[in-house]
Amino acid sequence: MHSIHISCSFGSDNGRVMREPSFWWRKPGLTAALFSPVAAVYGAIAASRMARQGFRAAVPVICVGNFTLGGSGKTPTAIAVARMLTDAGARPFCLSRGYGGTLSGPVRVDVARHIAAEVGDEALLLARAAPTIVSRDRVAGAQAAVAAGASVIVMDDGLQNPSLTKDLTFAVVGGRRGIGNGRVFPAGPLRAPLAAQLALVDALLIVDGARDGGDIAAIGMARGIPVLLAKLVPDRSAIAALNGNKVLAFAGIGDPEKFFETVKAAGVVAPIAKPFPDHHHFTGEEAATLVMEAEHEGLTLLTTEKDHVRMSGDPLLAALAAKTHALPVTLVFEEIEEVRRLLPAKAKG
């Protein structure tokens, strides 16, 4: 269940995913109520599917998922967990569905050969941190990882997918938006009923938020689920490379406003900020417009690492990619020892 479903219900533009509806992130109102009957059916099907028994892989499986459609910080979290496991002496492999790519897999990602159009932008970022397998069939992907020498699998996304049995599941929640109106798609952003999802979660991870800053944290603590905190830290060298220039910031991620806030918090002035839909594939026309607008306004182009890697291999985007600075971010756990304690014993190296 990915954000592509949004386009089915809310329309698309030349086959591209449209932005999620804004009412998802407000208190439930009339629009959410109108979608509630459909949401009830969708939620019941999703909950039933999630209850199925999964395949037990030969090595521990750690799932980094979230409750909602759109971004919350899953990929940076998966990267942080994979690096933690590597530091502990384990051999983690990341497992990705390869959303946005054409290859169904299982295929091991080669950052020198593959492009985002083949394996998806997230898989390319994961592969910079640890060996990564892209596979639409998660069981086949897990088996390929084990055959290649994995001692533990870190699955980016998949909380709602029952095909693999998980040994540890983190639910990542963006501190800025939380779980929105708390309703199930299409009445809200939840991928399945919250209770059904919480039953599968071992720990909540609030990214760039407070432990007492939202309803989901309170719900988690009431259920005895550990609530951990983390923050996304922008790369200092990338900020320094801007030389104090003002920027035209643009982002096609789940929560572009979060990126713009990160840019501002880093002390970078962005007179122009342009949001695009999640996993947006920029057209040649859009690329040319961004380049010309930045040049006309005397601004430096700045985007997310995920958006920048998505431009690779497309000749229509070569000029935009060359002129655009990427701002990588690193997820930092505030309670890193608690995270280590939660890791399955067989996954610790």
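Phe35 is partly exposed, with a relative accessible area of 24%; that label covers values between the cut-offs for buried (under 20%) and exposed (over 50%), taken with a 1.4 Å probe on protein chains only. Everything here comes from a predicted model, where local features need pLDDT of at least 70, side-chain atom pairs count only at pLDDT 80 or more, and totals for chains, interfaces and linings use all residues. Residues are numbered from 1 along each chain as its sequence is written, and side-chain values use heavy atoms, with hydrogens and water left out.

**Aromatic rings**

The structure holds six aromatic pairs. One of them joins Phe23 and Phe35, stacked with 6.0 Å centre to centre and 0° between the planes. Phe23 sits in the loop between β2 (16-17) and α2 (30-50), while Phe35 is in helix α2, twelve residues apart. For the ring terms, Phe, Tyr and Trp (its six-membered ring) pair if their centres lie within 6.5 Å; planes under 30 degrees apart are stacked, over 60 edge-to-face, and the rest tilted. Ring pairs also tie Trp24, Tyr42 and Phe185 into a cluster. Over at Trp25, the charged end of Arg177 sits over the ring, 3.8 Å from its centre; this takes NZ of Lys or CZ of Arg within 6 Å of the ring centre and within 35 degrees of the ring normal.

| Residue | Relative accessibility | Class |
|---|---|---|
| Phe23 | 10% | buried |
| Ser72 | 11% | buried |
| Phe35 | 24% | partly exposed |

**Around Ser72**

Ser72 lies in the loop between β3 (61-65) and α3 (74-87); helices (H or I, at least four residues) and strands (E, at least two) are DSSP runs numbered from the N terminus. Its side chain makes a polar contact with the side chain of Asn66 (3.2 Å) and reaches the backbone oxygen of Val172 at 3.3 Å. A polar contact means N or O atoms within 3.5 Å; within protein, one must be able to donate a hydrogen and the other to accept it, and residues adjacent in sequence count only if both atoms are side-chain atoms.

**The sheet**

Nine strands make an open, mixed sheet in the order β5-β6-β4-β7-β3-β8-β9-β10-β15. β5 (107-108) and β15 (329-333) stand at the edges with a single partner strand each, so one side of each is left without a neighbour in the sheet. Strands pair if DSSP finds at least two bridges between them. β4 (residues 92-96) and β6 (residues 132-134) run parallel over three bridges, and Leu95 has Ile133 in β6 as its bridge partner.
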